[in-house]
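Here is a friendly walk through a two-chain model, taken one region at a time. Please keep the viewer open as you read.

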Amino acid sequence: MSPLKKLLEIGSSPHISSGASVDNIMFNVVLALLPVTIFAVYAFGTGAALVLAAAVLSCVLTEHVLCKFAVQPTTVGDWSVAITGLLYGLTLPPDLPLWMVFVGGAFGVGVGKFLFGGLGMNAFNPALVARAFLQAAFPQAMTHWQMPFTDDRFTHIPSSVLAMPFAEPVYDAATQATPLAQMKFEAVFAADAQLMYGLTTGSVGETCGVLILLGGIYLVARNMMNWRIPASIFLTVAVMTWIFQQIDPQTYPGPLFMLFSGGLMLGAVFMATDMVASPITHTGCWLYGLLIGVLVVVIRFWGGMPEGVMYAILLANAVSPHIDNLIQPRVFGTGRKSG
Amino acid sequence: MLDFVKKDSFPHGIHPPENKDDTSGLPIRQFPFAPVLIVPLSQHLGKPARPVVREGQEVVRGQTIAEADSFMSVAMHAPASGTIRRIGLAPHINGQMVEAVYLEPLPASTQEIADGEPCDVESATPDAIVTAIQRAGIVGLGGAAFPTHVKLRPPEGKTLDTLFINGVECEPYLTTDHRVMLEQTEDIFMGIRYLLKVTQTPRAVIAIEANKPDAAKKLAEAVPEDLPVEVRVSPVKYPQGAEKMVIKALLGREIPSGGLPADVGAVCCNVATTAEIGRLLPRGRGIQERVITITGPGVSKKGNYRIPIGTTVRFALEQCGAVEDISRVFMGGPMMGPSVSNLDIPITKGTSGITAFTAAETGGSTGHRKVYPCIGCARCVEACPLYLNPSQLGILAKFEQYEQMADDFHLMDCFECGSCSYVCPSHIPLVQYFRMSKKMVRKMRAAA
């Protein structure tokens, strides 16, 4: 039979593609998070490992079950919920009771993502929605910081991790205030190097700024992350902090302290850059980063809480669609577009 | 990533694999006559030509078989000596049936081409050249098939300073312009003489991409002493061959939204069109054949062919050895070429190539891949050469907000280059959405 006798297919041009796909991008974000994850387990031991596993499991399970419930094909294969789970786990204290981890994960994916319409429709970063929920529901457990690098961290499971649901967790590990809390309430500034290499207390994956940056650079190099957002956040925070440090060096820390303490690195590189919840234009991204930066500094310096990255990003997420409405690209062959 | 604007190029755009090596080294060869040639009366934008032959009439190759019906129309010529079998409907690449002349070539004729009334470049007036170009049936051979004579005269109150001869050929796979530049160098310069005279521009610029260094070298060396012609080479980038892009790349000027090249003092003419003007006008002939690239993994005898207008895709593929697992055929290149839904569609003046894919290549195209929701990655925004917002337009198209797309997001500026669909990691058929939306907007505007 002549090859031209058979049925040929038709399709809309272009007939070729770059080969990029959503699941591949999402998988690479997971890869970029691996060094941070491994370091977290190394620094905090079994507690962190269990919290991370529970976070990923709760998010993935929630999405899978909700998809089945809504009688639609499961969407866990696109890896986006795996990122949510991993990021969510990395923002939690290492000795958080696992049942709380599950409750938060279910809330974050169920309310923060699925109710909005799933991937591409979530107005807020679901991992942060989950964390914000826990922060409001369990403020004490969410501000309990286990010391890193304890000798028995690989042999001993912190008893609080395995606490029964709704029972008061019992803490048996040594704790210490985070550098930001020390800064805020005791006016003690941790050394910059300690912060950069992750030698302080903090959430599971937020302590080692250098590894977070490494993951970010990997994604930027593969064109899978908009570098303008973290750049804008870093720049804003650094400049504002520097100005206040010049005014009163006793009260206000330096720019490096601010950049590498708390959740700023993890938030700026992996959370604020959530493609769905951030603006689409370059100018919009710079503005969005500026907003986050200002909010972080304001909350940290003058707010009631020592840390403000989470709320800064969630607030900026809410503003993001409005930034997109205001700032559209200037169309070829037109003057500046107004509105 | 950082969008550094390279010298002599334009911002944004994409870099698809070029795939031109298979045919760029193959000289142009004459294609045989098909048993029947189907010459549509509307191969150009504008009004269809008016047939001046009747069924059963014998015609000589090159004879005018249809005349321009208005200024926005061009003549058609017999692609072969033979008998007019029928004047009736024929399938067209856009899916509609159009009026066409069915010609059966005489098997034993000499196939000599009839000369017409010559148009001498020295003595002819600009108006006479415009008429001669229209009579020769010349349209943009780059793909758009816009009647060439219509755009040449400077509009009232405007002066043109640059004549662009567009040899960019940014579509992957296609090598027709490349071969024409190498093999019809003299014709191109003759064509430029005619064009400079009509457009009254002081200079001409031949635009070429860096992947055709041999053509650039040959042209630069062959520029006649008395011609103000400059050959400019741009870095490779798609869609640099688009009129708006090539002018932006080489002059730094932006054609206003909804405007024409004349608004920025430029006029563009495809290099193959220029070569045809230079080849046909001195002898008063018309277009009865054109150079096309038949290529792609779906054919075994790839090449550049001078093919009679009206040859069906079926005959062309049979001659070029369609392979067993051929699966998709399209006119032109893979970025903008419309897919062939009927193999009896004839090759027209606007056809710059036929590309055939096998299942291995089509696996990566629309219809075969899972479509994800838009995640706002902004790759389309960074790719769109016109700085549109394809992401936003795609969402609006899905909700059928056609008016908002046109009024607020410049939908009608989109020239469907396909860059957004090419880069989209969610595999959303953006260009397809925009094509449909543009049709809807035109319909609504016509009804209003």
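## Where the chains meet

The contact draws 36 residues from chain A and 59 residues from chain B, two residues being in contact if their C-beta atoms, placed from the backbone, lie within 7 Å. On the side of chain A that touches chain B, there are 17 nonpolar, 16 polar and 3 charged residues. Here Ala, Val, Leu, Ile, Met, Phe, Trp, Tyr, Cys and Pro count as nonpolar, Asp, Glu, Lys and Arg as charged, and the others, Gly among them, as polar.

A word on the ground rules: this is a predicted model, in which local features need pLDDT of at least 70, side-chain atom pairs count only at pLDDT 80 or more, and totals for chains, interfaces and linings use all residues. Residues are numbered from 1 along each chain as its sequence is written, while chains are lettered from A and ligands numbered from 1 in the order in which they are written.

## Chain A overall

Chain A has 13 helices and 0 strands. Helices (H or I, at least four residues) and strands (E, at least two) are DSSP runs, numbered from the N terminus.

The C-alpha trace of chain A spans about 80 × 50 × 30 Å along its principal axes. For 339 residues, a compact globule would have a radius of gyration near 20 Å, and the 22 Å of chain A agrees with that. The radius is taken over C-alpha atoms, and the globule rule is 2.2 Å times the number of residues to the power 0.38.

## Two helix pairs in chain A

Start with α1 (residues 22-44) and α3 (residues 80-90) of chain A, which pack at an angle of about 25 degrees with their axes 10 Å apart. Axes are lines fitted to C-alpha atoms, for helices over the stretch in contact, and angles run from 0 to 180 degrees between N-to-C directions. That angle makes α1(A) roughly parallel to α3(A); angles under 35 degrees count as roughly parallel, over 145 as roughly antiparallel, 65 to 115 as roughly perpendicular and the rest as oblique. Among the residues that meet are A:M26, A:V29 and A:L33 from α1(A), with A:I83 and A:L86 from α3(A). By class, this contact has 10 nonpolar, 2 polar and no charged residues.

Now look at α4 (residues 98-114) and α5 (residues 126-137) of chain A, whose axes come within 8 Å and cross at roughly 130 degrees. That makes α4(A) oblique to α5(A). The residues of α4(A) in this contact include A:G104, A:G108 and A:G112, and those of α5(A) include A:A127 and A:A130. The contact of α4(A) with α5(A) has 10 nonpolar, 4 polar and 2 charged residues.

## Two sheets in chain B

In chain B, an open antiparallel sheet of 4 strands has the order β2-β8-β7-β4, where two strands pair if DSSP finds at least two bridges between them. β2 (37-40) and β4 (58-59) stand at the edges with a single partner strand each, so one side of each lacks a neighbour in the sheet. β2(B) is joined to β8 (residues 97-105) by 4 bridges, and B:P40 stands opposite B:A100.

Another open sheet of chain B has 4 strands in the order β11-β10-β9-β12, with parallel pairing. Its twist averages 25 degrees from one strand to the next. Between β9 (residues 162-167) and β10 (residues 204-209) of chain B there are 5 bridges, and B:I165 stands opposite B:I206. Helix α8 (residues 271-280) of chain B packs on this sheet, touching β9 and β12, and its direction makes about 80 degrees with that of β12(B).
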